[in-house]
Amino acid sequence: MRNPTLKAGPECFQCSDVTDPATCQTLHTCADDEVCEAGDRFSFVHLVGKKRNVQSSLAVDRSRRDITVCSMCCRSSHCNKNICIGAPRETIPSAQEVYVRLFGGHSAYEGTVEVYHNGVWGSICDDHWNDVDAKVVCKMLGILRKQGAVGVQGGTYPKSSGRIWLDEVTCEGTEAHLGQCHKNSWGDNDCSHLEDAGVICSSVTPEDDIIFLLDMGVGGKMFRMNLMTQSFVQIPILKTYTPSSFDYDPKFGRLYFVDHDLNQIVSTRFDGEDLRLVKQLNANAEMDKIKVDPLNRKLFYSDRENDVIAMMNLDGSNFTIIANSMLEEPRDIAIDPRNKKVYWTDWGENPKIEQANYDGSQRTVLISSGLRWPNGIAIDYQENKIFFADAGTRKIESMGLHGERRMEVLTDYDAHFFSLCILEDFIYYSDWNKKVGAIATSDAEFGSGHGIISMSNVNCQGTEHHLLDCGITKDNWAHQYCSHDEDAGVMCIVDNTVNDFLLFTDSTTGFINRMDLKTHSYVSLMMTEVTKPVALTFNPVDRRLYFSNIHTIPDSHIFSSKLDATGQKLVMHFPRDSEIDGLAVDGHMEKLFYTDAGRKIIASCNLDGSNETVIVDTLLDKPRAIVLDTDNRSLMRINKDGSEQMPVGPDSFGRIQAIAVSEKLRG
């Protein structure tokens, strides 16, 4: 077990069964690059990400040192439940003061440096930038080795855009992050983006406290994050590929990802090199999730178009169907390599969570009640629990491996939970509704403006309420040496829960505008295939806009979208000559009401456009505006023959859902 040339390492208990503390009595001293062995049992595998000294199986070439074997029953050098000795492992922090990221490099350990401060990413000027400064950056990324780091001057890698945060950076090399180095004040510089600093760190190894992330919001990019600092670097792959799901094999340090457009499963090294095609699937495939079993060397995926849960070897051979019946919308997958079981979520009309053996036998529905859109699923191997996230119920829950002991972990009614994984004592999950911040653009990326250039050298801290609070005075207003080729822009990330706004249409420009009522500033919402918006209403229940687009050729429509113009949907397609001039919505009744001056009617439909009902079709010439009284819904009474309709009680009820009466029993 030991290499005699290596120094002494941790002391670990020798055990015949890692689950039974009674069998662990004798201490054994390992080499300094070894960890405690778990016997001949598999005890733990990370789903996504890898901790230093993560265990896999005994079938490991220990001379490689790229993966080791340990029990992980306690966070120290000593092993096994209830007999842990020594100080606990350094815990993963919840947040940091400063983050860094690299981009534009040829590998996952080089590129232009960007630093995150005050909610905004910005670059670093290369004045006095050297290898010692680069050392701090590489340390933050968790990829600093004995070979050191190299500071790179501007122009070597692609330039950044937006803010230049730091200048005159001088580090000692011992700092935990760049914010502790000597430097100018944040945002104080005399540089351009041609001077953006870069780094070359030592080659990445898989033995780090890392987690891998896939961000579909930026075009399917994969990132490697150091969990101790939360700084990260993009994993560069060919632009041909757009990953939509992925998982990590810690034994050989390879990422396996799905390309939704090419219908391929591809693998690459964790640094983005050595791409290999694993499996080419048919053109109808809609692969949602992929999962790696590093112990049994298997790969699993869900296909919601072909309604399939399938398995293959990691090289793509031995393709096996696990389930292809009674599936509606299979999504995420979790695996238990110890017992060779696979678990999956299905968010169809009959949502459920199921399990089966690797060969498809003993398929069982674990839960089918209290679910709406079950998405992510993961297994805690130490506690023998399943965690799952449901975007419909807005909950993260747990249960036993057989569906027992179901418990609520987290409820957030503003969340849209999607994926999750378990790492030590933490659940890492993605929430599609938690988006804050903004991205600055430069060089007229969205087109050049015209007229006066009002501002230059704007230096905000991010806490101001107005641009005029960012040091702009009457003395420097419109004083600049710029052209419209340098016009600045922004990409705002909209919180769909915002209030205090005014919406209005402009059929001349073809825009729908949203104005902030506090500042009276406004933004034009760019809708697809909408050139003449007229009627407009907002539903506070589903937080969506509903608006009409009037055309003779092609015909008129009603669309809906979110407040940031995303999620646009066609609600209703009208006959030629229709003119939808007025719209009103009752969110609680889930009804849309509208006037049609072309057909001379007032009508209603469901929010999805179904069940059109004409309310008034006589004595109308050009019906236009429409408004609803949604508050005064009355309790009414009629005789059994339908006569003498009359209200009962006040007319201030909301939405009466049920009625029951108390009547004296008559003998």
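Residues are numbered from 1 along each chain as its sequence is written, and side-chain values use heavy atoms, with hydrogens and water left out. Because the model is predicted, local features need pLDDT of at least 70 and side-chain atom pairs count only at pLDDT 80 or more, while totals for chains, interfaces and linings use all residues.

Let me begin with confidence. The chain averages a pLDDT of 76, and 72% of the residues score at least 70; pLDDT is the predictor's confidence in each residue, from 0 to 100. Over residues 639-643 the pLDDT stays under 50, and the model has two contacts there beyond four places in sequence, where contact means heavy atoms within 4.5 Å. Residues 648-667 also stay under 50, with 21 contacts beyond four places in sequence. Where pLDDT is low, the predicted coordinates should not be read in detail.

Next, please find Gly155, which lies in the loop between β6 (149-152) and β7 (163-166); strands here are DSSP runs of E, at least two residues, and helices are runs of H or I, at least four, numbered from the N terminus. Is Gly155 buried or exposed? Gly155 is exposed, with a relative accessible area of 67%, given that exposed means over 50%, buried under 20% and partly exposed in between, using a 1.4 Å probe and protein chains only. Not counting residues up to four places away in sequence, Gly155 touches Leu194 and Asp196, and its C-alpha atom is separated by 6.6 Å from that of Glu195, 40 residues apart along the chain.

Leu255, in strand β13 (residues 254-259), counts as buried because its relative accessibility is 0%. Beyond four places in sequence, Leu255 touches residues including Phe212, Met222, Ile235 and Val266.

Finally, the cores. A nonpolar core is a set of buried Ala, Val, Leu, Ile, Met, Phe, Trp, Tyr and Cys residues joined through side-chain atoms within 4.5 Å. The largest has 27 residues, and those with the most contacts inside it are Ile124, Val137, Leu178 and Val199. Two or more residues each come from β3 (99-104), β4 (110-117), α1 (131-141), β7 and β8 (198-201), with α1 giving the most, six residues. Leaving aside neighbours within four places in sequence, Val137 is in contact with Val100, Leu102, Val113, Trp129, Leu178 and Val199. Apart from this core lies another, of 25 residues, among them Ala323, Ile353, Ala356 and Ile379.
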